[in-house]
Amino acid sequence: MYAVIDIETTGGKAHENRIIEIAVAIHDGKNIVDYFESLVNPGIRIPRFISSFTGISDEMVQKAPDFSEISERIASMTEGCVFVAHNVNFDYSFVQQEFRSIGKKFERKRICTIRLSRKVFPNLPSYSLGNLCKQLNISSANFHRAGDDTKATVKLLELILSNDQGNVVAEAIKKSSGEALLPPNLNRDDYDNLPSEAGVYYFLDKKKRVVYVGKARNIKSRIKSHFGARSTTRKKADFINEIHRVKFRLCGNDMVAFLLEASEISRLWPKYNNAIKGPKISFGVFSYHDRNGYNRLAIQKVQRIGKPLMQFRSIPEARLFLEEKAREYSLCLKLCNLQSLQGTCSHVDEQLCYGACETSEPALSYNERVSKAVSSISESSPSFVIFGKGRTAGESSYVMVENGSYLGFGFIQDEKTNTIFEPELLKGFLERHAHDHHVESVIGYFLHNPQKDDRIIAYKPVSEAEDELMAIGLFA
């Protein structure tokens, strides 16, 4: 038996909005054997745009029963039936929430006529209820009213059942199939082919545009968690309905998955990613020559073009660093853009500036000290490789950081990692990605919380007092 149900609501969030109309048609696979339809008093005002959309006003529901008054009828009618609706998770989540609000449970097997239509009637231009009715010659007097939409869905279900050559309805009903949990537009084969391994996954819309990028230790399990029946906000419903395809990239381990996700979100700016999609404002110390030939240092926002000598989370942090370098190497505060007062900089009085701010020191000698300061920045930043678990047996992943900057990640066969360590060789297999503070924090986390397969190897020449463990303090 099938319980074909349609509802109208005050909005798209089941935990905030309420049902204002419901229709239930009990179908035995051939005919309707029971039917119930009612307006429902939601106990809250109906938004104007909902009234305009459905034609249901506050006055119409004022004397209607509230859900608790009709709950027993709905529960008894649908007992032992399969809950059927067009985009079933939306309707099911509201009905379930209404029962939950009065302290009752409502659990039914469910199937979605959007998903079933895609399998039984493939390659149609659209699978919305209105367009399906036009394409399959189903008459419906008034869309966006529960009774007419339920009757149209019944006719659609009857067409599905009569044209079901592949036993898709029975397969969808199986409890283990999870069919009803999947987005209505997602091909089941895409889901079935997902791996249970670490990586990055991509949700694509019908135009093959990436609308969401995520990372996971277990791709299949994580993707399944997106599609629970309790996904009740309108934004979440829109997100689920936009998913037509899912793709993935195996990464071998959590660290590479984190890093790839960050890079892909920055590259693609997917519609539904919010956490790290926004523009990242960080600051860096840059070097440039002025028109008088002096090599100057300055703090600026880090852009896509131009690589800073070092990056910082804030201007004060960058300023403190640059002030220390200016004092250590006797640099002019004005030529480091740390002072803008008229006349000479304050380092002249402290005999730390030799007059470059008033061009009394030749650019050649001043630039020598700037070069030493720049070199010290590079030398203070370690270079290392983190080897980790690969995508397959016999393969290792690796992440490269050079002079404190993330270069990217790659994969290499284990036998090659046991030969003489050659950073330049590893660079040849590297998939390069941009350095920013997000990836910096990711690498910092995994340096302090290494996985059991991780090996950290420092490769830049370091003093006797330093060793490869110095790398662990890089992003402290």
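Strands β12 and β13 form a hairpin with five residues between them. Gly394 sits in the turn with a positive phi of about 85°. Helices (H or I, at least four residues) and strands (E, at least two) are DSSP runs, numbered from the N terminus. This is a predicted model: local features need pLDDT of at least 70, side-chain atom pairs count only at pLDDT 80 or more, and totals for chains, interfaces and linings use all residues. Residues are numbered from 1 along each chain as its sequence is written, and side-chain values use heavy atoms, with hydrogens and water left out.

**The hairpin and its neighbour**

- β12 (residues 384–389) and β13 (residues 395–402) run antiparallel and are joined by six bridges. Two strands pair if DSSP finds at least two bridges between them.
- Lys389 has Ser396 as its bridge partner in β13.
- β12 is also joined to β16 (residues 455–458), by four bridges, and these strands run antiparallel.
- Phe387 has Arg455 as its bridge partner in β16.
- Five of the six residues of β12 are buried, so the strand is largely enclosed by the rest of the structure. Buried means under 20% relative accessible area, exposed over 50%, and partly exposed in between (1.4 Å probe, protein chains only).

**Whole chain**

- The protein chain holds 18 helices and 16 strands.
- Of its 476 residues, 51% count as buried.
- Take the contacts in the protein chain with a separation of 6 or more: residues 24 or more positions apart account for 62% of them. Contact means heavy atoms within 4.5 Å.

**The five-stranded sheet**

- Five strands form an open sheet with mixed pairing, in the order β3-β2-β1-β4-β5.
- β3 and β5 (110–112) are the edge strands, and each pairs on one side only.
- From one strand to the next, the twist averages 20°. Axes are lines fitted to C-alpha atoms, for helices over the stretch in contact, and angles run from 0 to 180 degrees between N-to-C directions.
- β1 and β4 (residues 82–85) run parallel, joined by three bridges. Ala3 stands opposite Phe83 in β4.
- α4 packs on the sheet and touches β1, β2, β4 and β5. The direction of α4 makes about 80° with that of β1.
- α7 (residues 146–162) also packs on the sheet, touching β1, β2, β3 and β4. The direction of α7 makes about 145° with that of β1.

**Glu21 in strand β2**

- Glu21 lies in β2. Its relative accessible area is 2%, so Glu21 is buried.
- The side chains of Glu21 and Arg145 are joined by a polar contact of 2.9 Å. A polar contact is a pair of N or O atoms within 3.5 Å; within protein, one must be able to donate a hydrogen and the other to accept it, and residues adjacent in sequence count only if both atoms are side-chain atoms.
- Leaving aside neighbours within four places in sequence, the contacts of Glu21 include Asp6, Glu8, Glu37, Ile56 and Ala146.

**Helix α3**

- The 12 residues of α3 (residues 67–78) should span 16 Å at 1.5 Å a residue; the end C-alpha atoms are 15 Å apart, which agrees. The expected span is 1.5 Å times one less than the number of residues.
- Phe67, Ile70, Ser71, Ile74, Ala75, Met77 and Thr78 are buried in α3. They cover an arc of only 160° around the axis, which puts them on the same side of α3. The arc is that of the directions from the helix axis to the C-beta atoms.
- An α-helix has 3.6 residues a turn, so residues three or four places apart point the same way.
- Glu69, Glu72 and Ser76 are exposed, on the face of α3 turned away from its buried side.
- The cover over the buried residues of α3 includes β1 (2–9), β2 (19–27), β3 (32–39) and α4 (88–101).
- Gly80 follows α3 and has a positive phi, near 80°.

**Helix α15**

- At 1.5 Å a residue, the 17 residues of α15 (residues 363–379) should span 24 Å, and the end C-alpha atoms are 24 Å apart, which agrees.
- The buried residues of α15 include Tyr366, Arg369, Val370 and Ile377.
- These buried residues of α15 pack against β9 (283–289), β10 (295–301), β11 (310–312) and α13 (315–328).

**Asp205 in a loop**

- Asp205 lies in the loop between β6 (199–204) and β7 (210–216). At 5% relative accessibility, Asp205 counts as buried.
- The Asp205 side chain reaches the backbone nitrogen of Lys207 at 2.9 Å.
- Not counting residues up to four places away in sequence, Asp205 touches Val211, Glu242 and His244.
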